[in-house]
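Colleague: Please show me the model and take me through the ligand sites and a few local details.

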Amino acid sequence: MTIKLYDTYARETREFVPINDNEPVGLYCCGPTVYNYAHIGNLRTYIFEDVLRRVLEFNDYRVKHVVNITDVGHLVSDADDGEDKMAAGAARMGKTAWEIAEIYTEAFMQDLTHLNIKTPDILCKATDHIAEQITAIKQIEEKDLCYITSDGVYFDTSKDPDYGYLARLDVKGLQEGARVDKGEKRNSTDFALWKFSPQDEQRQMEWESPWGKGFPGWHIECSAMANKYLGALFDIHCGGKDHIPIHHSNEIAQAQACYGTRLSNYWMHGYFLQTDKNKMSKSSGEFLRTETLIEKGYDPIAYRFFCLLAHYRSDIAFSWENLDSATIALNRLREAFYSWDDGGSILDDYAQRFRTHVNDDLNTSQAIALVWELVKNNDAESADKKTTLVHFDQVLGLQLTEWAPAATAAIPHDITALAQTRQDARKAKDWAAADAARDAIAAKGYEVVDTPDGFDIKKI
Ligand code: AMP
Ligand code: ZN
C-alpha cells in the first residue's frame, strides 16, 4: 500500500517513493538547541516525527533517523547579530556552554523516553562536526557564493536564483521592504556561515578556520551533518513550520551550492502548539515541560495521545482542560484494552483501514476515531480486538501493553490480623469471638468474606 506525504517544497501531497530501494529511508530531523529545556511545543514536533518514522517502519521500510544537537552557533536573533544562544544560556545558568549542552541534552533524552519517542539512530552534535562544516563553507567559497565582513563569512543569497523557493519567499519584496539594519550584509536574506570571535574576547566555544578564529553559523550545521550521514540527496527532512522561511531555506541554498541538490526529496513540517493564541516559545510566554506535566500528576503519554488527536499540519491549542479530556479518554482506552483476553488475531478489515489512515499523510485523528470504533464493536471477540490494537500501537506508541490499573489500596495490617483471629475462632467454634472480630473489622470500614481457601477482605 502506498504512503502519501505532504511535501512543503512541492506544496502538495506526493506518493512516497524512496530514493534507493536497497538502503534505509534517510530521515533528518532538526533537533534541539540545548541552551534550555525542550518545551511541550518542541516535543509536539518530535512526536510528529516519531509517528512518521513509525509509519515508515509499519510499512516495512528500514529507517535511518538522524537528529542533530545544536550546541553552538544558533544566534539569539535571526538577523545574525546578537549573542550565541548557548553563550547566553550558560551565562544565565552560571555554567560553561559545554556543561549546559550536556545538561539539556540529557534532559532531552529523558523527554524522548517519557513520550515513548524512539531514540534516533544517529544523534550528532554540531561541535563534533566543525571540520565538516568548514569543508562545506570552503565549497561555497570556491563557487564564489559568499563574502567576508568584519564579523563573519556570509552566504550571498542574491547569487542563488532559486533562493527561498521552499517558502515561496518574495525575495525582491523582502529586500526592498527590509526594515532591519543590514549592517555590512549585502542583502537582508544573507546569513552567516562562520562568525568571528570578537577580538577582545576569549569565547568558550571557538575554533580555528581559514577565515579566522570563530564558530559556525547554525544553518551550515544541518546541511553538513545531513550530507555526512545521509548523503547529498536523501529522502525526508523534517522540522517545525517556523523553519520553512529561514533555516530550511538556508539549508537548501547551501546544499545547492555544495552538492547541487535540494538536500531532501521531501520536506515536511509540523505545525505549532499554541497557548492562549500565542505559540509556545523558549524565550517568551508559558513554558511547559514534560516535567511540569509529571509534577502536576499527568502521564506524559496522555500528552502524546492529545497530540495524536489532531493532524500534524494544524496548529493546536494547549489547555489543561484539553489535557484532562485526553487523559480521561486514554484511561478509558487502557481499561478496555486491559479487560480484554489475550491470544486473538488481527482483524483484517480494521488493520487495512488503519493503514489507509496513517498512510494518508499521517492522519492520526482518523486512526484514533477507528480505535474507538473498534473499542465499541461488541460483535468482535475481545482477544481479536486486543491483538488488533497491539498492531495499531506500533504506530501510536501509547504503550498499551505496559499499562495496568493501579493496585488496589493495600489492606492495613491490623485488619488482616483481626480477620485471622476471626478465622482461628471459627475453627475453634468460638462463635462469639468470631463475631466480635467481624464487628471490629466492620467498625474500621472493612468486610471479611469467607472463601474456599480462607478469606478475602474488601473495603466497604
Ligand atoms: P529549537 O530547540 O528551538 O530549535 O526547536 C526544536 C523544534 O521544535 C524545531 O523543529 C521547531 O520548529 C519546533 N518548535 C518550536 N516551537 C514550537 C511550537 N510551539 N510548537 C511546535 N513545534 C515547535
Ligand atoms: Zn536544522
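Predicted model: local features only at pLDDT ≥ 70, side-chain atom pairs only at ≥ 80, totals over all residues.

Modeller: Residues are numbered from 1 along each chain as its sequence is written, chains are lettered from A and ligands numbered from 1 in the order in which they are written, and side-chain values use heavy atoms, with hydrogens and water left out.

Colleague: Which element gives the most residues to the shell around ligand 1?

Modeller: The shell holds 17 residues, where near means a heavy atom within 4 Å. Helices (H or I, at least four residues) and strands (E, at least two) are DSSP runs, numbered from the N terminus. With four residues, the top contributor is helix 1.

Colleague: How far is the polar side-chain atom of Asp-242 from an oxygen atom of ligand 1?

Modeller: Polar contacts here are pairs of N or O atoms within 3.5 Å. A backbone N or O atom of Gly-41 is 3.1 Å from a nitrogen atom of ligand 1, and a side-chain N or O atom of Asn-42 is 3.1 Å from an oxygen atom of the ligand. For Asp-242 and a ligand oxygen atom, the distance is 2.4 Å.

Colleague: Which residues coordinate the zinc ion (ligand 2)?

Modeller: Donors are N, O and S atoms within 2.8 Å of the metal (3.2 Å for Na, K and Ca); water is not among the atoms, so sites may look incomplete. The donor spacing along the chain is C-x191-C-x24-H. At 2.0 to 2.2 Å, the coordinating residues are Cys-30 (SG), Cys-222 (SG) and His-247 (NE2).

Colleague: In strand 5, which residue is the bridge partner of Val-67?

Modeller: Strand 4 (residues 63–69) and strand 5 run parallel and are joined by four bridges; two strands pair if DSSP finds at least two bridges between them. The partner of Val-67 is Leu-123.

Colleague: Why does Thr-261 count as buried?

Modeller: Thr-261 is in the loop between helix 7 and strand 11 (264–270). A polar atom of its side chain lies 3.0 Å from the backbone nitrogen of Leu-263. Thr-261 counts as buried because its relative accessibility is 15%.

Terms used:
Polar contact = N/O pair within 3.5 Å; in protein donor to acceptor, adjacent residues only side chain to side chain. Buried < 20%, exposed > 50% of the residue type's maximum accessible area, 1.4 Å probe, protein only.
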